[in-house]
Amino acid sequence: MTIKPLAILLTTVTLLSAAPSAPPSADDKHISVYSPVATYSLPILDRAGREYVGLLELLEPLGRVSSQSEGRRWRLRYNAVNAEFVAGSARAKIRGRDFDFIAPFLLENSRGLVPLSSLSGFLPRFLGAPVNFRESARRLFVGDVGIQISFQPDANTPPRLAVNFSAPVNPTISTEPGKLRMVFKRDPVVSPGSQSISFDNSVITHASYSENNGDAELDLAANEPLLASFSTDRRTIIVSAVPQTPAPNVVGPGPQNPAQAPPLSAPGANVAPGNVNGNNNTNANVHRILAVVDPAHGGEERGAALTDKLAEKDVTLGFARLLRHELEMRGFAVALLRDGDTTSTLDQRAAAANVARAAIYISLHAVAQGSGARVYTALLPVEGTSKGVFHAWNAAQAPSLPVSRIVSAAIVAEMQKREFPAQGSFASLRPLNNVFMPAVAVELAPGANGVADLTSANYQQRAASAIANAVASVRDRLGVQQ
Ligand SMILES: [Zn+2]
């Protein structure tokens, strides 16, 4: 297990601080620049009813650049290209030739500002390459960097949609009823050809693409909650309905009357939590409770080296598959956050669990030291009075923490009952802090046979069966706490 300290996210706006008289506009406008050498975002400034951007900052990530101001004159050198601008004048000299801006060049505290509308006109003179500037979307493409999107619907059960990209992508994925949204802040994705595409798919009905304020957005419309997962190479995002199957005829050793999970009720049904335990549901298509099992690490991120040859990521995957089977036998629907050797960030793992609206999240780790198992729940950071998106993200677990502790205690008790050494623990452990639903992390340590136990199906099986029994025993407590 690798316990990572909570990331502190800081947004530095050093470029703006150089011009204290120019606060960002209220709606925080920015331009995204995509080039083969760098992808970045710059603030846009409103001056006299027009949008401007700092020219030095715009060129800096692309090459060697220097500037010099002298009175109203501003000289700029980019690689071998010289240019000269005059404050208040729309005419500049670039590479020895005149260029007329659409509005005057501005000089503020030695910082040269150029009108956004002129970018496609003058930038090729500096760069020696064409640019594609989509002004209304504030997205600037330098060279041939666009990432193509294509779709591959699959009508199998459950219905899936593969969204393919011509290069790896890293969008932020979120959900709201009837919709799964991917926002691309740093990926130069381009329109799939049409702004709206319909699919012959019973669950995922269509996709729409839009661009705004430096971001691209792809929305998938669906009539059921969706789950998204990345392929190993991050060129494909598989979107599928959260697994939903009729209530099992065979119920495992859990309670006789498994409760439905409110988060998985059909969108629009609006079933209030606590209102679903009764047997008055006339809908024959009873949903199973969804458990998300997260085999920690994966891909290039190998986790702990348990032996010279054994990586933690491989133990967690095998363990996760056993746990999936044990949970399914007890009537749960189970989604693994990876079912192969793929890499995901902690934020992506938390987002996937949240997007799926799982009733419980179980992260699995393995360690070569110690014995038995350690069951972690989140230790939430002590927060100041500041409220904001990062506060909410780091404390997403707070409302569900009491139930997480109940689940943890149940797992520890069940393991001890089977003479499997186990201990409960708290840790500032991501992504536990970032998931809304009850969440635990189970760290598997060797038993009497040492590290060999970690790859023993028999040993893993004992642990998985204890976890599944414990989770089943508290199933009526699960779900997102309101
Ligand atoms: Zn680990």
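Along the chain, the donors of the zinc ion are spaced H-x14-E-x52-H. The structure is a predicted model, in which local features need pLDDT of at least 70 and side-chain atom pairs count only at pLDDT 80 or more, while totals for chains, interfaces and linings use all residues. Residues are numbered from 1 along each chain, and side-chain values use heavy atoms, with hydrogens and water left out.

The protein donors are H297 (NE2), E312 (OE), E312 (OE) and H365 (ND1), at 2.1 to 2.8 Å from the zinc ion. Donors here are N, O and S atoms within 2.8 Å of the metal (3.2 Å for Na, K and Ca); water is not among the atoms, so sites may look incomplete. The arrangement is irregular because the 4 donor atoms subtend angles of 52 to 149°.

| Residue | Relative accessibility | Class |
|---|---|---|
| H297 | 4% | buried |
| H365 | 7% | buried |

The model also has 1 cavity of 30 Å³ or more. A cavity is a set of points on a 1 Å grid where a 1.4 Å probe fits but cannot get out, and lining residues have an atom within 4 Å of a point. Among the residues lining the largest cavity are T175, E176, K179, L180 and R357. Strands (DSSP E runs of at least two residues) β16 (172-176) and β17 (179-184) each supply at least two lining residues.

How values were computed. On a 1 Å grid over the protein atoms alone, a cavity is a set of points where a 1.4 Å probe fits but cannot get out, and a pocket is an open set with protein on both sides within 12 Å along at least five of seven lines; lining residues have an atom within 4 Å of a point. Grid points are joined across faces, edges and corners, and a volume is the space filled by probe spheres set on the points. Helices (H or I, at least four residues) and strands (E, at least two) are DSSP runs, numbered from the N terminus. Four donors count as tetrahedral if all angles lie between 85 and 135 degrees; four count as square planar and six as octahedral if opposite donors are over 155 degrees apart and all others between 65 and 115; anything else is irregular. Buried means under 20% relative accessible area, exposed over 50%, partly exposed in between (1.4 Å probe, protein chains only).
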